[in-house]
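Visitor: I am new to protein structures and would like to learn how to read one. Please take me through it step by step.

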Amino acid sequence: MKPQRLLMATLLMVGCVDQTEMTESVNEAVPVKAKQESQDVPKKEDSAPVKKGEITQASIEQVFELKTQGRAVLIDTRPSIFFALGHIDGAESFPLKEFTEIKGKLFERVKQVKSEGKTVIIYCANVKCPDSHEMAVKLAEQGYDVSVFKEGWELWKEAGLD
(Lines give C-alpha, C1' and ligand atoms only; values in the text may rest on other atoms or scores of the structure.)
Protein backbone atom coordinates (compact mmCIF):
# COMPACT_ATOMS: atom_id res chain seq x y z
CA MET A 1 0.00 0.00 0.00
CA LYS A 2 1.32 3.45 -0.93
CA PRO A 3 2.24 5.67 2.05
CA GLN A 4 -0.39 8.27 1.09
CA ARG A 5 -3.16 5.63 0.96
CA LEU A 6 -1.98 4.19 4.26
CA LEU A 7 -2.10 7.65 5.80
CA MET A 8 -5.61 8.29 4.43
CA ALA A 9 -6.80 4.91 5.71
CA THR A 10 -5.39 5.70 9.13
CA LEU A 11 -6.97 9.17 9.10
CA LEU A 12 -10.30 7.54 8.30
CA MET A 13 -9.90 5.25 11.31
CA VAL A 14 -9.16 8.07 13.77
CA GLY A 15 -11.89 10.30 12.39
CA CYS A 16 -9.83 13.19 10.97
CA VAL A 17 -11.27 12.65 7.48
CA ASP A 18 -14.34 11.04 5.97
CA GLN A 19 -14.69 8.78 2.94
CA THR A 20 -15.96 11.50 0.55
CA GLU A 21 -12.95 13.63 1.29
CA MET A 22 -10.58 11.14 -0.31
CA THR A 23 -11.79 12.19 -3.76
CA GLU A 24 -12.53 15.87 -3.17
CA SER A 25 -10.08 18.58 -4.15
CA VAL A 26 -9.08 21.22 -1.66
CA ASN A 27 -9.94 24.79 -2.62
CA GLU A 28 -7.51 27.64 -2.18
CA ALA A 29 -7.68 29.12 1.28
CA VAL A 30 -9.19 32.56 1.63
CA PRO A 31 -8.35 34.59 4.70
CA VAL A 32 -11.47 35.08 6.77
CA LYS A 33 -11.51 36.66 10.17
CA ALA A 34 -13.46 34.56 12.64
CA LYS A 35 -15.56 37.05 14.55
CA GLN A 36 -15.67 36.57 18.27
CA GLU A 37 -17.21 38.76 20.86
CA SER A 38 -14.71 39.92 23.44
CA GLN A 39 -15.84 38.21 26.57
CA ASP A 40 -14.43 37.93 29.99
CA VAL A 41 -13.89 34.29 30.81
CA PRO A 42 -13.01 33.40 34.36
CA LYS A 43 -9.72 31.55 34.57
CA LYS A 44 -10.34 30.33 38.10
CA GLU A 45 -12.83 31.33 40.73
CA ASP A 46 -10.18 33.15 42.76
CA SER A 47 -8.37 34.91 39.90
CA ALA A 48 -9.17 37.83 37.63
CA PRO A 49 -11.10 37.20 34.41
CA VAL A 50 -9.11 36.62 31.24
CA LYS A 51 -10.08 38.43 28.05
CA LYS A 52 -10.71 35.98 25.23
CA GLY A 53 -8.15 35.87 22.45
CA GLU A 54 -9.01 36.28 18.79
CA ILE A 55 -9.09 33.44 16.27
CA THR A 56 -8.36 34.25 12.62
CA GLN A 57 -7.92 32.06 9.56
CA ALA A 58 -4.74 32.00 7.49
CA SER A 59 -4.45 31.14 3.81
CA ILE A 60 -1.67 28.94 2.47
CA GLU A 61 -0.02 32.06 1.06
CA GLN A 62 -0.07 33.79 4.44
CA VAL A 63 1.30 30.70 6.19
CA PHE A 64 4.08 30.36 3.62
CA GLU A 65 5.01 34.05 3.86
CA LEU A 66 5.02 34.22 7.68
CA LYS A 67 6.92 30.91 7.93
CA THR A 68 9.51 31.97 5.35
CA GLN A 69 10.05 35.29 7.13
CA GLY A 70 10.41 33.55 10.52
CA ARG A 71 7.40 35.45 11.85
CA ALA A 72 5.28 32.43 12.77
CA VAL A 73 5.40 29.22 14.76
CA LEU A 74 3.27 26.39 13.43
CA ILE A 75 1.52 23.99 15.78
CA ASP A 76 0.44 20.62 14.39
CA THR A 77 -2.55 19.24 16.33
CA ARG A 78 -2.67 15.84 14.63
CA PRO A 79 -1.82 12.66 16.54
CA SER A 80 1.94 12.13 16.97
CA ILE A 81 2.04 9.21 14.52
CA PHE A 82 0.86 11.47 11.68
CA PHE A 83 3.33 14.18 12.66
CA ALA A 84 6.08 11.54 12.45
CA LEU A 85 4.91 10.53 8.97
CA GLY A 86 5.11 14.10 7.70
CA HIS A 87 4.50 17.69 8.74
CA ILE A 88 5.19 21.26 7.73
CA ASP A 89 8.91 21.83 8.15
CA GLY A 90 9.62 23.47 11.49
CA ALA A 91 6.16 22.76 12.94
CA GLU A 92 5.83 21.64 16.55
CA SER A 93 3.65 18.71 17.59
CA PHE A 94 0.95 19.40 20.18
CA PRO A 95 -1.74 16.76 19.55
CA LEU A 96 -5.23 17.82 20.58
CA LYS A 97 -5.98 14.31 21.83
CA GLU A 98 -3.18 14.77 24.41
CA PHE A 99 -4.31 18.25 25.48
CA THR A 100 -4.71 17.43 29.17
CA GLU A 101 -1.14 16.15 29.37
CA ILE A 102 0.48 18.87 27.22
CA LYS A 103 -1.49 22.01 28.07
CA GLY A 104 1.12 23.41 30.49
CA LYS A 105 3.91 23.03 27.95
CA LEU A 106 1.65 24.34 25.16
CA PHE A 107 0.59 27.46 27.07
CA GLU A 108 4.21 28.23 27.96
CA ARG A 109 5.30 27.79 24.33
CA VAL A 110 2.51 30.01 23.01
CA LYS A 111 3.30 32.64 25.64
CA GLN A 112 6.95 32.59 24.53
CA VAL A 113 6.03 32.82 20.83
CA LYS A 114 3.70 35.76 21.47
CA SER A 115 6.34 37.54 23.58
CA GLU A 116 8.66 37.30 20.55
CA GLY A 117 6.00 39.07 18.45
CA LYS A 118 5.33 36.02 16.29
CA THR A 119 2.05 34.58 15.06
CA VAL A 120 0.84 31.20 16.29
CA ILE A 121 -0.61 29.21 13.39
CA ILE A 122 -2.44 25.99 14.19
CA TYR A 123 -3.17 23.26 11.66
CA CYS A 124 -4.29 19.65 11.39
CA ALA A 125 -4.92 17.27 8.48
CA ASN A 126 -7.35 19.21 6.29
CA VAL A 127 -10.42 21.41 6.14
CA LYS A 128 -12.66 18.68 7.61
CA CYS A 129 -10.43 17.96 10.60
CA PRO A 130 -11.74 19.92 13.62
CA ASP A 131 -8.63 19.56 15.79
CA SER A 132 -7.00 22.84 14.78
CA HIS A 133 -10.12 24.87 15.49
CA GLU A 134 -10.70 23.12 18.82
CA MET A 135 -7.11 23.84 19.86
CA ALA A 136 -7.51 27.46 18.76
CA VAL A 137 -10.60 27.81 20.97
CA LYS A 138 -8.70 26.38 23.95
CA LEU A 139 -5.89 28.90 23.41
CA ALA A 140 -8.30 31.80 22.83
CA GLU A 141 -10.00 30.94 26.14
CA GLN A 142 -6.62 31.56 27.78
CA GLY A 143 -6.39 34.98 26.11
CA TYR A 144 -4.09 34.11 23.19
CA ASP A 145 -4.65 35.39 19.65
CA VAL A 146 -4.09 32.57 17.16
CA SER A 147 -4.58 31.78 13.48
CA VAL A 148 -5.89 28.56 11.97
CA PHE A 149 -4.63 27.14 8.68
CA LYS A 150 -7.75 25.05 8.20
CA GLU A 151 -6.69 23.32 4.96
CA GLY A 152 -3.69 21.96 6.84
CA TRP A 153 -1.09 19.38 5.99
CA GLU A 154 -2.93 17.96 2.96
CA LEU A 155 -3.02 21.27 1.07
CA TRP A 156 0.57 22.06 2.08
CA LYS A 157 1.73 18.72 0.71
CA GLU A 158 -0.52 18.96 -2.36
CA ALA A 159 1.06 22.33 -3.16
CA GLY A 160 4.50 20.68 -3.09
CA LEU A 161 5.68 22.66 -0.09
CA ASP A 162 6.70 19.62 2.01
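**Starting with a helix**

Guide: Let us begin with α4, where Phe-99, Ile-102, Leu-106, Phe-107, Arg-109, Val-110 and Val-113 are buried. Buried means under 20% relative accessible area, exposed means over 50%, and partly exposed lies in between, with a 1.4 Å probe and protein chains only. Helices (H or I, at least four residues) and strands (E, at least two) are DSSP runs, numbered from the N terminus. Please keep in mind that this is a predicted model, in which local features need pLDDT of at least 70 and side-chain atom pairs count only at pLDDT 80 or more, while totals for chains, interfaces and linings use all residues. Residues are numbered from 1 along each chain as its sequence is written, and side-chain values use heavy atoms, leaving out hydrogens and water.

Visitor: What do the buried residues of α4 pack against?

Guide: They pack against β4, β5, β6 and α5. Leaving aside neighbours within four places in sequence, Leu-106 is in contact (heavy atoms within 4.5 Å) with Ile-75, Phe-94, Phe-99, Met-135 and Leu-139.

Visitor: How many residues does α4 have, and how far does α4 reach?

Guide: α4 has 17 residues and reaches 22 Å from its first C-alpha to its last, close to the 24 Å expected at 1.5 Å a residue. That expected span is 1.5 Å times one less than the number of residues. α4 also has a kink of about 35 degrees, centred on Lys-105. Here the bend at a residue is the angle between axes fitted to the seven residues ending there and the seven starting there. After α4 comes Gly-117, which has a positive phi, near 75 degrees.

Visitor: Which residues of α5 are buried, and where do they fall around its axis?

Guide: A general idea first: an α-helix has 3.6 residues a turn, so residues three or four places apart point the same way. In α5, the buried residues are Asp-131, Ser-132, Met-135, Ala-136, Leu-139 and Ala-140. Seen down the axis of α5, they fall within an arc of 170 degrees, so they line one face of the helix. The arc is that of the directions from the helix axis to the C-beta atoms. α5 is followed by Gly-143, with a positive phi near 95 degrees.

Visitor: How many residues are in the largest nonpolar core?

Guide: In soluble globular proteins, nonpolar side chains tend to be buried together. A nonpolar core is a set of buried Ala, Val, Leu, Ile, Met, Phe, Trp, Tyr and Cys residues joined through side-chain atoms within 4.5 Å. The largest core here has 20 residues, and those with the most contacts inside it are Leu-106, Ile-122, Met-135, Leu-139 and Val-146. Two or more residues each come from β4 (72–76), α4 (99–115), β6 (119–123), α5 (131–141) and β7 (146–149). The largest share, six residues, is given by α4. There is also a second, separate core of 15 residues, including Ala-58, Val-63, Ile-88 and Trp-156.

Visitor: What does Met-135 touch?

Guide: Not counting residues up to four places away in sequence, Met-135 touches Thr-77, Phe-94, Pro-95, Leu-96, Phe-99, Leu-106 and Ile-122.

Visitor: How many salt bridges are found in the whole structure?

Guide: Side chains of opposite charge can pair when their charged atoms come close. A salt bridge is a side-chain nitrogen of Lys or Arg within 4 Å of a carboxyl oxygen of Asp or Glu. The search finds three. Asp-76 pairs with Arg-78, with closest N and O atoms 2.7 Å apart, and both of these residues are buried. Arg-109 pairs with Glu-92, also with closest N and O atoms 2.7 Å apart. This pair links distant parts of the chain, Arg-109 in α4 and Glu-92 in β5 (residues 92–93), 17 residues apart. Glu-116 pairs with Lys-118 at 3.6 Å between the closest N and O atoms. Glu-116 is partly exposed, with a relative accessible area of 40%, and Lys-118 is partly exposed at 27%.

Visitor: How many helices and strands does the protein have?

Guide: There are six helices and seven strands. Along the sequence they follow the pattern α-β-β-β-α-β-α-β-α-β-α-β-α. Of the 162 residues in the protein, 40% are buried.
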